Amino acid sequence: MIWYPYQQMKTMRPPIKIKSAHGVHLFTEDGHDLIDSISSWWSVIHGYNHPEINKAITDQLADFAHVMLGGLTHDAVQQLSDKLAAWLPGDLDYCFFSDSGSVAVEVALKMALQFNTNRGSARRTILALEHAYHGDTFKAMEVGDDEDYHFAFSDGGAKRDVIHIPTELPALEDAFAKHGDELSCFIVEPLLQGAGGMRMYDISFLQRARQLCDEHDVLLIFDEVATGFGRTGHRFVADLVLPDILILGKALTGGYIGHAVTVANHKVYNGFLSDDPSHALMHGPTFMGNALACRAALKSIELFERDHYLEKIARIEQTVRRELDGFGDPRIREIRIMGGCVCIEVFNESDLEGYKQFAYDRGVFSRPFLKYLYAMVPYIITEAELLKVVRTMKAWFAEHPMKGD
Ligand SMILES: Cc1ncc(COP(=O)(O)O)c(C=O)c1O
């Protein structure tokens, strides 16, 4: 039996069974056609069943699906690391592949901590953001700040060697003034904090963070597992402010195959080059650099560039802004829009109860969580499909009288 994610299995409603998927559409076993408004956890940026990504994978399959990177290498992984080194900003050139975003976060944190150990520094403290989400593995949970996901493992809030601050400049200044010389790294979801509630903040915070990291010799880590590949309207937030370590996942393979990469700059990489074997990075996921995943990623990046995805994302943002302009309801606390992400935050979680079924009945797959009703659509969505998604969100408030009315 399948043990489903984030669910109380005793009370869980049966999941929707998908028979096929094409473009932005999921086709269910019982004949429903649903627009996927959340791109399979924000990853399927080109939509489903893309003929060119399919072909890239099947072509690779004719040679082999996978060989390990322990003592072996292959064209697909070499081409992908070359492409990323050329395509990513600055000197983010060294690609460590892994099989999921959480593992890529673990690798980034190991890099930052061992970078310091290798140079004989005792810095162990990690600076992170309030409401951060970096995945569900243990160190990722520790740098995260999301009790809704990780409460079963929390010990009442105290976290060893991790300091959390809000995305506010005075808190940032204060953290560096007090702890700057103990910090190994500062890890952030840049501009858009996803699972912590689609919280958006200003680039000036990251610009100042970069300055302070430089002044205090602290590594800056951008977890762009969710924001990478255009979700904020920028290709990467790293194009605006350059981190020392960049983490990509989810859309890396166009949502086809679980894969992620932790990309280090020269400074970090050089911190591991040594005649001392103990200075090596001791990590090696079995499926790192999987050839099918690399081929999917290469094709996904090609499509992103060739088909002008940033323009598509800008059009999505414009349409959503236009459609939600002036829209409000007493139950709504705030509407936030950035690039290919829109979030309607309500005051009470109960105000979204039943939305999933409401959207399903109107041909939209949605999965609001807590107080957040959001959409992160595949970028190939048409205007008409996008309007259907946004108008379904609006209709929920229009067609449901407030409790007590
Ligand atoms: C910012 C961020 N980091 C890391 C992860 C974890 O990625 P994965 O689910 O592939 O382990 C997520 C997943 O939602 C994420 O949003």
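Start in the loop between β8 (192-193) and β9 (199-200), where methionine 198 sits. Helices (H or I, at least four residues) and strands (E, at least two) are DSSP runs, numbered from the N terminus. Methionine 198 is not a glycine, yet its phi is positive, about 50°. Most residues other than glycine have a negative phi. Is methionine 198 buried or exposed? At 0% relative accessibility, methionine 198 counts as buried. Buried means under 20% relative accessible area, exposed over 50%, partly exposed in between (1.4 Å probe, protein chains only).

Some ground rules before the next stop. This is a predicted model, in which local features need pLDDT of at least 70, side-chain atom pairs count only at pLDDT 80 or more, and totals for chains, interfaces and linings use all residues. Residues are numbered from 1 along each chain as its sequence is written, and side-chain values use heavy atoms, with hydrogens and water left out.

**Helix α1**

Select tryptophan 41, in helix α1 (residues 39-42). Its phi is near 55°, another positive value in a residue other than glycine. Tryptophan 41 is partly exposed, at 36% relative accessibility.

Now pick serine 39, also in helix α1. Serine 39 counts as buried, at 0% relative accessibility. Which residues does serine 39 touch, not counting those up to four places away in sequence? They are Val44, Tyr48, Arg231, Met376, Val377 and Pro378. Contact means heavy atoms within 4.5 Å.

**The two domains**

Colour the chain by domain. The domain assignment gives domain 1 (18-50 + 308-399) and domain 2 (51-306). These bounds come from an automatic or database domain assignment. The C-alpha centres of domain 1 and domain 2 lie 27 Å apart. Across the boundary, 27 residues of domain 1 are in contact with 34 residues of domain 2.

**The nonpolar core**

Next, show Ile165, Phe186 and Phe229. These have the most contacts inside the largest nonpolar core, which has 131 residues. A nonpolar core is a set of buried Ala, Val, Leu, Ile, Met, Phe, Trp, Tyr and Cys residues joined through side-chain atoms within 4.5 Å. Which helix gives the most to this core? Helix α4 (residues 101-118) does, with ten residues. The core draws at least three residues from each of domain 1 and domain 2.

**Strand β10**

Go to phenylalanine 222, in strand β10 (residues 219-223). Phenylalanine 222 counts as buried, with 0% relative accessibility. Beyond residues up to four places away in sequence, phenylalanine 222 touches a list that includes Val188, Pro190, Leu206 and Val237. Isoleucine 247 is also among its contacts. The C-alpha atoms of phenylalanine 222 and isoleucine 247 are separated by 6.2 Å, and the two are 25 residues apart along the chain.

Select cysteine 95, in strand β4. Cysteine 95 is partly exposed, with a relative accessible area of 22%. Leaving aside neighbours within four places in sequence, cysteine 95 is in contact with Ser81, Leu84, Val261, Thr262 and Val263.

On a 1 Å grid over the protein atoms alone, a pocket is an open set of points with protein on both sides within 12 Å along at least five of seven lines; a cavity is a set where a 1.4 Å probe fits but cannot get out; lining residues have an atom within 4 Å of a point. Grid points are joined across faces, edges and corners, and a volume is the space filled by probe spheres set on the points.

Of the 15 residues that line this pocket, Tyr94, Phe96, Tyr269, Phe272 and Leu281 are the closest to its centre. β4 (92-98) and α9 (266-270) are the elements that give two or more residues to the lining. The largest share, three residues, comes from β4.

Finish at the largest cavity, with a volume of about 60 Å³. Its lining residues include Ile316, Val320, Ile337, Cys341 and Val377. α11 (309-324), β14 (341-346) and α13 (383-399) each give two or more residues to the lining. Which element gives the most? α13 does, with three residues.
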